[in-house]
Amino acid sequence: MISIGSISKLFWAGLRVGWLRAPKMVINRLTRLKVVNDLGSGLLGQVLAARLLERLDEARSIRQNELVSGLDYLTALLQQHLPSWSWSRPAGGLFLWVRLPEGDAGEFSQLALR
């Protein structure tokens, strides 16, 4: 089993620092491949990530509040301006999947483009 994680969505997308949990044999092999492919990760990003992880709980709470607030705002706008559209409030994640009352997303995107 391999588990991969990153802090880029919690803090910001440009912070490209992550981690890997796997059997030692897998980690050793992937480490060799990483060194050959990208010459290692930036030291400044790693130091910054280590400092930010000390405030992980605070950052997670702030980010969750931002996402919930944004979702509330989006659903209020949809209810106000597009009441015939339907959706289910997601349990988590960053996206809202919306069902159009007629047509399809391709037609809608062409109309929006015009």
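Start by selecting helix H1, residues 24-38; helices here are DSSP runs of H or I with at least four residues, strands are runs of E with at least two, and both are numbered from the N terminus. The 15 residues of H1 should span 21 Å at 1.5 Å a residue, and its end C-alpha atoms are 21 Å apart, so the two agree. (The expected span is 1.5 Å times one less than the number of residues.) Step just past H1 to Leu 39, which takes a positive phi of about 60 degrees.

A quick note before moving on: this is a predicted model, where local features need pLDDT of at least 70, side-chain atom pairs count only at pLDDT 80 or more, and totals for chains, interfaces and linings use all residues. Residues are numbered from 1 along each chain as its sequence is written, and side-chain values use heavy atoms, with hydrogens and water left out.

Now zoom out to the whole chain. What pattern does the protein chain follow along the sequence? It reads β-β-α-α-α-β-β-α, with four helices and four strands. The radius of gyration is 20 Å, well over the 13 Å that the globule rule gives for 114 residues, so the chain is more spread out than a compact globule. (That radius is taken over C-alpha atoms, and the rule is 2.2 Å times the number of residues to the power 0.38.) The C-alpha atoms fill a box of roughly 55 × 30 × 30 Å along the principal axes.

Next, select Ile 7, Leu 10, Phe 11, Leu 15, Val 17, Ala 49, Leu 52 and Ala 59: these eight make up the largest nonpolar core. Such a core is a set of buried Ala, Val, Leu, Ile, Met, Phe, Trp, Tyr and Cys residues joined through side-chain atoms within 4.5 Å; buried means under 20% relative accessible area, exposed over 50%, and partly exposed in between, using a 1.4 Å probe and protein chains only. Centre on Leu 15, which touches Ile 7, Ser 8, Gly 45 and Leu 52, leaving aside residues up to four places away in sequence; contact means heavy atoms within 4.5 Å.

Jump to Thr 75 in helix H3 (residues 56-81). Thr 75 is buried at 9% relative accessibility, and beyond four places in sequence it touches Trp 87, Arg 89 and Leu 96.

Last stop: Trp 85, buried at 17%, and Phe 108, partly exposed at 38%.
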